[in-house]
Amino acid sequence: MQTYLLSQQFNAGSFAENSTACPANATICNGASCVLPEDNFNATLSVVLSTVLTIMLALVMFSMGCNVELKKFWGHIKRPWGIFVGFLCQFGIMPLTAFLLSLIFNVLPIQAVVVLIMGCCPGGTASNVLAYWVDGDMDLSISMTTCSTLLAMGMMPLCLFIYTKMWTDSSAIVLPYDSIGISLVALVIPVSFGIYVNHKWPSKAKIILKIGSIVGAILIVLIAVVGGILYKGSWNISPKLWIIGTIFPAAGYTLGFFLARIAGLSWHRCRTVSLETGMQNSQLCSTIVQLSFTPEQLELMFTFPLLYSIFQLLFALLLLGGYRLYRRHHVKTKTDVEKTEETEDSKSVSSHAKVNGGFVSN
């Protein structure tokens, strides 16, 4: 299906030159806001940037794999309690939250459907980068992202069938299984190489990880900026969708954290589950929306996936900043712990020397 983009409002000169606010090739006109077919420049820019971002993402996931220990990763697969908790958050909490928010704010049926699609999407790869920066469990983070992407092939149709009944026929929603499969391959292959490098050359893996974590942070911001360029719009959408786009990711982070804590997971795993829950694959949501709806329907909800991705990134950065401040003032760093252990060891040696008349045993 051809991609449609919302154009920004025209300036006063455009109104003076044309009797109508929209150009002749506009498919929808609503005052100064129009839906236009994608131009050649945007199509070329989209291909180039998509290629660059895909390569960068593969490199970032390779570096994230360099922080995964094979034994611990396999331990999560054999004893998948953490993965199961993440599964409940991803395909239990998020779709239910989307459903409740749509009811509470009484949005239009087509808008409720796009909120539900976002809630049913698997976790995004940005959560792996952020899990690293908040000292999360990288083995759990990557295993959760992989499993949620794999399980999305069955869970997304099931969740959409359950929750969209009152608004639309779920069979009208086209799920791009090829895109989900590509996301899975793009995640598994570079991470597998990273795990292998960490297993064979752990010292080199640490260097790759540091570089990749910085590139990953840049990539997350770059994706948000690119999304704003490629999917530029009038942003003349319902205020209710703005509110939902703000509340939804915050609810995902909060509920994911508390459910993980109730399930008895450690603090660093709670942070991991929280990020995996709130961070959704908004690119997949945009693809589903474009494949499933007409240009007239897109006008009402096209920018919601981008809106969600902006706020999920904003809240994640706030959580990261808050954790870093807390860690700096309340938590001993690894260096501090090592110095404390050295001091305690020296004290125990000196006291032992006094008891033994100055002789220190091996």
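Buried here is under 20% relative accessible area, exposed is over 50% and partly exposed lies in between, with a 1.4 Å probe and protein chains only. Please keep in mind that this is a predicted model, in which local features need pLDDT of at least 70 and side-chain atom pairs count only at pLDDT 80 or more, while totals for chains, interfaces and linings use all residues. Residues are numbered from 1 along each chain as its sequence is written, and side-chain values use heavy atoms, without hydrogens and water.

Helices are DSSP runs of H or I with at least four residues, numbered, together with strands (E, at least two), from the N terminus. Setting aside residues up to four places away in sequence, I117 touches M156, L160, I173, C285, I288, V289 and F293, where contact means heavy atoms within 4.5 Å.

Let me turn to G252, in helix α10. Is G252 buried or exposed? G252 is buried, at a relative accessible area of 1%, and, neighbours within four places in sequence aside, G252 is in contact with M94, S274, T277 and G278. Q312 is 60 residues from G252 in sequence, yet their C-alpha atoms are 9.2 Å apart.
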